[in-house]
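Please read the following report alongside the sequence and the structure shown here. It starts from one side-chain contact and then widens to the surrounding elements.

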2 protein chains.
Amino acid sequence: MSRAAILELLASARLGRLACVQGSQPYVVPFYFIYKNNSLYSFSVLGQKIKWMRTNPLVCVEVDEVVSSQEWLSLVIFGRYEELPDTFEYQLERAAAYNLMRERAVWWEPAYAKTSVHGASRSLEPVFYRIHISEITGHRASP
Amino acid sequence: MSRAAILELLASARLGRLACVQGSQPYVVPFYFIYKNNSLYSFSVLGQKIKWMRTNPLVCVEVDEVVSSQEWLSLVIFGRYEELPDTFEYQLERAAAYNLMRERAVWWEPAYAKTSVHGASRSLEPVFYRIHISEITGHRASP
């Protein structure tokens with residue numbers, strides 16, 4: 001895929017899958033993001049994913065557009081997790097992330113959707129973060 | 001999600017995302033599978049994913065059904081990679097995997113779809129494998 005085709009897909013995509021690692025065990029979950037300035041901005045409730053990425057910031061994100069099993073686009077992104085804490089230093093970045101997400105109110109809600117883990121409801125305190133992109137590979141299959 | 005709801009989604013799903021690890025770097029790609037006997041059966045051309053899983057068999061698979069950003073099901077599966085080599089010992093398992101995949105001819109083809117990496121076409125020799133499931137967690141969000 002050309003660089004232009006990759007960036008076009010990335011700019012329009014909202015749903016991806018985010019993989020992180022603890023020790024030698026990977027973990028992958030769906031997440032919503034917005035692409036801007038070579039980064040993916042997102043937020044999450046505090047859970048396993050955030051805890052693991054705080055310890056090991058190396059992540060991989062997969063984004064795709066599947067038309068059929070013979071026709072699809074898929075991006076694999078290597079990147080680095082950076083938290084955007086609620087401090088003066090990160091005020092601008094955090095505001096940017098918040099504004100980007102507010103523009104898309106419809107998908108801003110899944111992290112607050114009713115979810116429970118092992119019967120206990122989770123903390124609803126949001127953690128804002130971005131993934132700095134270090135490498136993108138694009139694959140395309142056509143019939 | 002109940003155990004029954006988890007298994008129902010798993011039995012009908014074909015597309016998932018498979019995460020593996022080298023060192024502390026995760027890697028996640030889309031893959032097609034069939035669920036049987038507490039395992040996910042699949043195959044792939046020989047590439048980075050297979051090389052990494054041969055070295056570290058710990059994997060994570062994410063399977064979902066997204067209706068909208070407020071309504072989705074998502075399974076996160078921890079498992080272990082096992083290759084099904086073309087030897088007498090694995091003949092039965094390999095035949096089972098092959099037959100399962102042949103039943104679904106339509107999705108058996110993506111691994112052979114025209115793909116290229118860094119301009120070079122890839123080996124088309126298939127590697128058959130299964131993921132032994134060790135743990136499944138299901139999440140559901142509803143509006």
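## A buried arginine and its polar partners

In this predicted model, the side chain of Arg130(A) makes a polar contact with the side chain of Glu82(A), at 2.6 Å. The side chain of Arg130(A) is also joined to that of Glu93(A), here by a polar contact of 3.0 Å. Arg130(A) belongs to strand 9 of chain A, and it counts as buried because its relative accessibility is 10%, where the cut-off for burial is under 20%.

Leaving aside residues up to four places away in sequence, Arg130(A) touches Ser39(A), Leu40(A), Tyr41(A), Arg80(A), Tyr81(A), Glu82(A), Leu84(A) and Glu93(A). Both glutamates that make polar contacts with the Arg130(A) side chain, Glu82(A) and Glu93(A), are therefore also found in this list of touching residues, with contact meaning heavy atoms within 4.5 Å.

## The sheet of chain A

Chain A contains an open sheet of seven strands, which pair in an antiparallel manner and follow the order 2-1-5-6-9-4-3. Strand 2 (25–32) and strand 3 (34–36) of chain A stand at the edges, and because each has a single partner strand, one side of each is left without a neighbour in the sheet. From one strand to the next, the twist averages 35°.

Helix 2 of chain A, which covers residues 48–55, packs on this sheet and touches strand 1, strand 2, strand 4 (39–45), strand 5 (58–68), strand 6 (71–83) and strand 9 (126–141) of chain A. The direction of helix 2 makes about 55° with that of strand 1 of chain A.

Strand 1 of chain A, residues 15–22, runs antiparallel to strand 2 of chain A, and eight bridges join the two. Among the pairings, Arg17(A) has Pro30(A) of strand 2 as its bridge partner, while Gly16(A) stands opposite Phe31(A), also in strand 2 of chain A. In general, strands of a sheet pair through backbone hydrogen bonds, either parallel or antiparallel.

These two strands of chain A form a hairpin with two residues between them, and Gly23(A) in the turn has a positive phi of about 60°. Although strand 2 of chain A stands at an edge of the sheet, this strand is mostly covered, with seven of its eight residues buried.

## A serine in strand 4

Ser44(A) is found in strand 4 of chain A, and with a relative accessibility of 7% this serine counts as buried. The side chains of Ser44(A) and Lys49(A) are joined by a polar contact of 3.3 Å.

## Cysteines without disulfides

A search of the whole structure finds zero disulfides over all chains. Cys60(A) is in no disulfide, and the nearest cysteine sulfur to its own, that of Cys20(B), is 8.6 Å away. Cys20(B) is likewise in no disulfide, its nearest cysteine sulfur being that of Cys60(A) at 8.6 Å. Cys60(A) counts as buried because its relative accessibility is 0%, and Cys20(B) counts as buried at 1%.

## A buried leucine in chain B

Leu18(B) lies in strand 1 of chain B, which spans residues 15–22, and at 0% relative accessibility this leucine counts as buried. Leu18(B) and Pro30(B) are 12 residues apart in sequence, yet their C-alpha atoms are 6.2 Å apart in space.

Not counting residues up to four places away in sequence, Leu18(B) touches residues including Tyr27(B), Val28(B), Val29(B), Phe31(B), Lys49(B), Met53(B), Cys60(B), Tyr129(B) and Ile131(B).

Key: Residues numbered from 1 in each chain as written. Chains lettered and ligands numbered in written order. Predicted model: local features only at pLDDT ≥ 70, side-chain atom pairs only at ≥ 80, totals over all residues. Heavy atoms only, no water. Pairing = 2+ DSSP bridges. Helix = DSSP H or I, 4+ residues; strand = E, 2+ residues; numbered from the N terminus. Axes fitted to C-alpha atoms, helices over the stretch in contact; angles between N-to-C directions. Buried < 20%, exposed > 50% of the residue type's maximum accessible area, 1.4 Å probe, protein only. Polar contact = N/O pair within 3.5 Å; in protein donor to acceptor, adjacent residues only side chain to side chain. Disulfide = S-S within 2.5 Å.
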